[in-house]
Amino acid sequence: MVESTIFWLLFLSFSPLLHNVTAAAAVVEDDIRCLRGLKDSLTDPNGNLNSWNFLNYSMGFICKFIGVDCWNDSENRVIGLTLASMDLSGQLPDAFKYCSSMITLDLSGNSFYGPIPSEICSWVPFLVSLDLSNNSFSGSIPAELGNCTYLNKLMLNNNKLSGNIPPEISRLTRLKVLSLANNNLSGSIPPFSGLSDFEFGGNRHLCRGPLTKCG
């Protein structure tokens with residue numbers, strides 16, 4: 001009876017610690033799931049992602065992957081992903097929802113296509129820099145990008161985006177760098193404040209201000 005009581009006292013004492021360890025392990029597993037899902041969804045003709053080997057689960061192993069930056073090299077938590085100009089193609093998968101601690105994403109200069117997912121800011125809520133330029137994204141710019149409240153840099157130039165510029169983007173208070181050049185955008189440019197670098201050219205049916213004749 002005494003031994004049983006001691007066992008349960010010890011169990012209750014260590015339960016919070018075990019819970020924290022389990023939760024931390026789940027976060028690490030999420031980032032691995034994110035990269036695995038991304039690799040599986042993409043066409044990679046040049047084998048640039050061959051280094052993404054998920055057979056080795058050593059400490060910080062994903063931090064050695066090409067294009068992957070970690071918060072700490074000794075743990076598997078992604079802070080940034082830079083896969084620019086690698087001839088990759090595909091649509092943006094929902095696997096990104098498992099990279100929730102990522103703050104920079106650069107997929108520029110590839111052949112990504114399809115719409116920009118409206119959920120991207122809920123998948124990666126702490127994005128500071130998003131570069132999807134020089135791809136083949138189509139459809140409208142999702143108004144939900146206005147939910148990326150930490151966004152400082154947004155590059156969507158040289159795609160096939162159409163429709164209006166959502167006014168929600170103009171309300172991003174931290175946004176400093178914006179390029180929407182060379183798309184098929186139309187309508188008036190919303191009033192932006194605080195931009196230090198911006199590009200809107202190359203959109204034939206885009207105009208500035210409500211009193212300007214569009215097109």
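Please keep in mind that the model is predicted.

**The nonpolar core**

Let's begin on the inside. The largest nonpolar core has 53 residues. Within this core, the residues with the most contacts are Leu 35, Trp 52, Leu 81 and Phe 96. Several elements each supply at least two residues of the core: helix 1 (2-41), strand 1 (68-70), strand 2 (78-82), helix 2 (120-123) and strand 11 (184-189). Helix 1 gives the largest share, four residues. As background, nonpolar side chains tend to be buried together in soluble globular proteins.

**The disulfides**

Next come the cysteines. A disulfide is a covalent bond between the sulfur atoms of two cysteines. How many disulfides does the structure hold? There are three, and the table sets them side by side.

| Disulfide | S to S distance | Torsion about the S-S bond |
|---|---|---|
| Cys 34 and Cys 99 | 2.1 Å | about -105 degrees |
| Cys 63 and Cys 70 | 2.2 Å | -105 degrees |
| Cys 121 and Cys 148 | 1.9 Å | -105 degrees |

The torsion about the S-S bond of Cys 34 and Cys 99 is about -105 degrees, so this disulfide is left-handed. Cys 34 sits in helix 1, while Cys 99 belongs to the loop between strand 3 (89-90) and strand 4 (104-106), so the pair ties together parts that are 65 residues apart in sequence. Both of these cysteines, Cys 34 and Cys 99, are buried.

The link of Cys 63 and Cys 70 is left-handed, and both Cys 63 and Cys 70 are buried.

The link of Cys 121 and Cys 148 is left-handed too. This pair connects distant parts of the chain, with Cys 121 in helix 2 and Cys 148 in the loop between strand 7 and strand 8 (153-155), 27 residues apart. Are these two cysteines buried or exposed? Cys 121 has 5% relative accessibility, so it counts as buried. For Cys 148 the value is 0%, so Cys 148 counts as buried as well.

**A buried residue in a loop**

Now let's look at a loop. Asn 135 is found between strand 6 (129-131) and strand 7 (136-140). With a relative accessible area of 8%, Asn 135 is buried. Leaving out residues up to four places away in sequence, Asn 135 touches Leu 107, Ser 108, Gly 109, Asn 110, Ser 111, Phe 112, Asn 158 and Asn 159.

**A nonpolar patch on the surface**

Finally, we turn to the outside. Which residues form a nonpolar patch on the surface? They are Phe 126, Val 128 and Tyr 150, and together they have about 250 Å² of accessible area. Val 128 is placed in the loop between helix 2 and strand 6. Because its relative accessibility is 31%, Val 128 counts as partly exposed.

Definitions and conventions. Residues are numbered from 1 along each chain as its sequence is written. This is a predicted model: local features need pLDDT of at least 70, side-chain atom pairs count only at pLDDT 80 or more; totals for chains, interfaces and linings use all residues. Side-chain values use heavy atoms; hydrogens and water are left out. A nonpolar core is a set of buried Ala, Val, Leu, Ile, Met, Phe, Trp, Tyr and Cys residues joined through side-chain atoms within 4.5 Å. Buried means under 20% relative accessible area, exposed over 50%, partly exposed in between (1.4 Å probe, protein chains only). Contact means heavy atoms within 4.5 Å. Patches are made of residues with over 30% relative accessible area and no salt bridge: like charges are joined within 9 Å, nonpolar side chains (Val, Leu, Ile, Met, Phe, Trp, Tyr) within 5 Å. Accessible areas come from the Shrake-Rupley method with a 1.4 Å probe; for residues, only the protein chains shown count as cover. A salt bridge is a side-chain nitrogen of Lys or Arg within 4 Å of a carboxyl oxygen of Asp or Glu. A disulfide is a pair of cysteine sulfur atoms within 2.5 Å.
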